[in-house]
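Trainee: I would like to learn how to read a model of this kind feature by feature. Could we take the general idea first each time, and then the case at hand?

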Amino acid sequence: TIPNHTLPNFNTDAAGESTRAREATESELASIGIKPGEYYGLTADFVETVRQTTVALFNKYKIGTPQLWDYRQVSRYCGSSGRAALLDYAFEQSGVAGKFGDWRYVDGIMDRLCMRGSETEAQARQWDSDRPDWDNEE
């Protein structure tokens, strides 16, 4: 037998309209360096968020024109707005260290933030303000 493929759509808003997000097309995924079938369930809204976040970071820190690899890297961190703010913080800190646009350095900062349990930019800044200044101690 063939299973019933006409299950009701429970993803509706108050007016009964479908709220199911449109999945990203192959060309939309390709625009951020993701191959079709590599990840499932990515929406067009997610792709647009990745594009906007990447361009905003590169403009803010005057890094240049983002390449496909840059979009792909940003897509790793764009699961929530809080993570995008942490990524902005990591870009800022990489610039303080003179490593603007160095993804290995940014990834290292993001890894350390995760190890410290920092889930927001405010927590990351608080941790940095609480740590001792090793350069000025004798």
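Trainee: Among contacts in the protein between residues at least 6 apart in sequence, what percentage join residues at least 24 apart?

Mentor: Contact means heavy atoms within 4.5 Å, and of the contacts between residues at least 6 apart in sequence, 44% join residues at least 24 apart. Please keep in mind that this is a predicted model, in which local features need pLDDT of at least 70 and side-chain atom pairs count only at pLDDT 80 or more, while totals for chains, interfaces and linings use all residues. Residues are numbered from 1 along each chain as its sequence is written, and side-chain values use heavy atoms, with hydrogens and water left out.

Trainee: How many helices and strands are there in the protein, and what share of its residues is buried?

Mentor: Helices (H or I, at least four residues) and strands (E, at least two) are DSSP runs, numbered from the N terminus; here there are six helices and zero strands, in the order α-α-α-α-α-α from the N terminus on. Burial is read from relative accessible area, where buried means under 20%, exposed over 50% and partly exposed in between (1.4 Å probe, protein chains only). Of the 138 residues in the protein, 30% are buried.

Trainee: What is found at the start of helix 5, and what just after helix 5?

Mentor: A polar contact is a pair of N or O atoms within 3.5 Å; within protein, one must be able to donate a hydrogen and the other to accept it, and residues adjacent in sequence count only if both atoms are side-chain atoms. At the start of helix 5, a side-chain oxygen of Asp102 reaches to within 3.1 Å of the backbone nitrogen of Arg104. Just after helix 5, Gly117 takes a positive phi of about 85 degrees.

Trainee: Which residues line the largest pocket?

Mentor: On a 1 Å grid over the protein atoms alone, a pocket is an open set of points where a 1.4 Å probe fits, with protein on both sides within 12 Å along at least five of seven lines, and lining residues have an atom within 4 Å of a point. The lining includes Tyr89, Gln93, Tyr105, Ile109, Arg112 and Asp128. Helix 4 (81-96) and helix 5 are the elements that give two or more residues to this lining, and the largest share, five residues, comes from helix 5.

Trainee: Is Ser94 buried or exposed, and what does Tyr105 contact beyond its neighbours within four places in sequence?

Mentor: Ser94, in helix 4, is buried, with a relative accessible area of 0%. Leaving aside neighbours within four places in sequence, Ser94 is in contact with Lys99, Phe100, Tyr105, Val106 and Ile109. Tyr105, in helix 5, is partly exposed at 31%, and with such neighbours again left aside it is in contact with Gln93, Ser94, Ala97 and Lys99.

Trainee: Where is Glu119 found, and which residues does it contact?

Mentor: Glu119 is found in the loop between helix 5 and helix 6 (121-130), and at 61% relative accessibility it counts as exposed. Apart from neighbours within four places in sequence, Glu119 is in contact with Gly82 and Leu86; Glu119 and Leu86 are 33 residues apart in sequence and 7.6 Å apart in space, C-alpha to C-alpha.
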